[in-house]
Amino acid sequence: MYKEISEQQSNGKAWESAVRRAQQQQQSPGFQTGSRRRICPMSADEDSASTSPRSGGGGGGGGDDDSSIAASTEEEEEEEEVYSTELVLPSGDCYSGQWAGGVPHGTGKFLWNDGCTYEGEWRRGKITGRGKFSWPSGSNYDGEFKAGFMDGFGIFIGATGDTYWGNWSMNLKHGHGKKSYSNGDYYDGEWRSGLQDGHGRYVWCSGSEYVGQWRAGLIHGRGTLNSANGNRYDGGWDDGFPKDNGNYRWADGSLYVGVWTRDNAGIQQGVYYPSPTATSPAARDPQEAFLADLRESKIAPGETISVFPSQKTLNWSGTEACRSSADRPQRRASADISTRCLPPRRSNGRAHTVSGGDIVPVDDADPKLASRPQHRRSWAPPRPPKKQGETITKGHKNYELMLNLQLGIRHAVGKQGPTQPELKSSAFDPKEKVWTKFPSEGSKHTPPHQSCEFKWKDYCPLVFRLFKVDAADYMLSLCGNDALRELSSPGKSGSFFYLTNDDKYMIKTMKKSEVKVLLRMLPAYYNHVRKFENSLVTKFFGLHCVKLTGAAQKKVRFVIMENLFCSEFAIHRRFDLKGSSHGRVTSKPESEINEYTTLKDLDLNFIFRLQRPWFQEFQRSGPIRLGVNMPCRAELTARTESQLIGEPTGEYYDVVLIFGVIDILQDYDISKKLEHAYKSIQYDPSSISAVDPKQYSRRFRDFIYRAFREAA
């Protein structure tokens, strides 16, 4: 084992050398590496759910000048002075180690205020190279990093005793690796995106063993299961169950050869061959014996990582450090920035220095701070970002409606029973109408309240529980002490949107036609989400209706769904993408565009380049939840006025993407058909948004193929 680890580490050094050469090229003129932006594209259409992109082309750049640029960069690095420092940031995080160019560079140790620590190599402010990351739980990773990601060869030891040593890619086990589970199980084989995938050997603590093919963490393909009792199955598998041709051999030598089905290890047909040493020559049914073997051969769940190193905030903007006297060079005094720093001082027993300028995170920086003098001796804590929308307080025109929604949701969640593993067809029947009356004075089933009297209706409540959301957290977000927030203006459809105070959930009012579309597609939606748990399609948590009593008899239908943009990151740009070009541009001048402006297709001037493992998952909708705080490189493009995706320029930005498939409830009804016919007379039919669903799907898919590509 030690020899293998040594070889892996040797390979890791070669990999590290290649990474450094690539980074030197990226740090050269023509690349922008110091900026990090959050760009959030989103899309719409029920037929665009199957938007698995193909692999795309590479970026621009290259040529005979590459070598000279790299050499120039190396000369600059040699001249750049590296010194030691100790630093305490306003957040309470601490750094101690080598420093150059205003960021950690070399070796150093970083301690976050939540107890996480990293000690190892840094490159231009990013965790890159060999190092060790430790969690407060006791878990630790010792191995290679790339731009903050566990990437390369490394060993992870979990708090419960799980141990993995092998290859990683973008925080996930990827390639060959070995894992010892805390319960005594062991796996040696191939991994893909964090799960067993390819050829591998799994040994249970009971003594049973499987050798063969895997897919997405399950036994799949051809393989052999040797049970601890001496029985053996050799044949086909499908997601953990025997399927197709297979042989089952008892410990006494008796053999069954037949065709197997996945459900309950059932048998369609086969032949039994008794062993001469068998106690009875009568035919035996292998189904019962095999089911017992399968029950004893469950794959142990791996230990989950609460937060990845790449998710820890590292922001060096406005932070400057002082050299220690031992490291202060005598030459080039003009480059000594310590003259602009305050002398070290003590706080809670720890030495630290404060920059001569204000220390403010980039995401929340006040533009006015740029004009403040560099000798200012205090730092300003960042102001909390203003939340989107208007808080609905008493006197608001929709205050009573908000109370009705919260009362109804509290009632609906409170009466929920246990989750049912399988639903009957009646659970999807939209005709199942159960109205609950909410009088102001209260009733046997409802509490008294200060709103007007209303009726409440749940649509297919059992179906919308497929996401297994914690009921207490769900109710607290929607019905806690904090009021909802209403977005400033309704959408194009006339619907109003409300956000919970914690930004986790969004409530959208719906037209009757949209409710019909959702109810019609509900069985297919339910099956899709159960099959693809990490689908990019919007998650719906409930469909309800409030009916006001009295003369008005007004009905307000609404759906509760996840808020795609609930993130700890500050969002800089939002895009609503359809893949069409006619009218798909914002009408606001550049000076009025902010983080809440919804930009459109013709405003998008980037190609998003994903690392290979994530791009492969993006292509096949795999077991990873994509589109949530997903780092990538955005390449700036240059395009003509009507061109959707422009030509790559070779100018890159580090970004974090948040994306998903939204607004899937628009039906291609007669009004949309008329809209298409009318606009086709004046404009290119393929450029308008309202087109046949199949054409829409193809166009949107092709657009995504061009916007998302594999990193070069």
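Predicted model: local features only at pLDDT ≥ 70, side-chain atom pairs only at ≥ 80, totals over all residues.
Strand 31 and strand 35 (residues 708-710) run parallel and are joined by three bridges. Strand 31 also pairs with strand 32 (residues 630-638), here in the antiparallel sense and over four bridges; within this pairing, F606 stands opposite L636. Five of the five residues of strand 31 (residues 606-610) are buried, so the strand is largely enclosed by the rest of the structure. Its side chains can be sorted by direction: F606, F608 and L610 point one way, whereas I607 and R609 point the other way, and all are buried.

Another part of the model holds an open sheet of eight strands, with antiparallel pairing in the order 21-24-25-26-28-27-23-22. Strand 21 (390-391) and strand 22 (435-438) stand at the edges with a single partner strand each, so one side of each is left without a neighbour in the sheet. Within this sheet, strand 26 (residues 505-510) and strand 28 (residues 555-562) run antiparallel and are joined by six bridges, with Y505 standing opposite E562. Helix 5 (residues 471-479) packs on the sheet and touches strand 26, strand 27 (540-548) and strand 28. The direction of helix 5 makes about 65 degrees with that of strand 26.

A closer look at one residue, T224, takes the reader to strand 14 (residues 218-226). T224 has a relative accessible area of 13% and is therefore buried, the cut-off being under 20%. Its side chain makes a polar contact with the side chain of D234 (3.2 Å). Beyond its sequence neighbours up to four places away, T224 touches E209, Y210, V211, R232, Y233 and D234.

Notes
Residues numbered from 1 in each chain as written. Heavy atoms only, no water. Pairing = 2+ DSSP bridges. Helix = DSSP H or I, 4+ residues; strand = E, 2+ residues; numbered from the N terminus. Contact = heavy atoms within 4.5 Å. Axes fitted to C-alpha atoms, helices over the stretch in contact; angles between N-to-C directions. Buried < 20%, exposed > 50% of the residue type's maximum accessible area, 1.4 Å probe, protein only. Polar contact = N/O pair within 3.5 Å; in protein donor to acceptor, adjacent residues only side chain to side chain.
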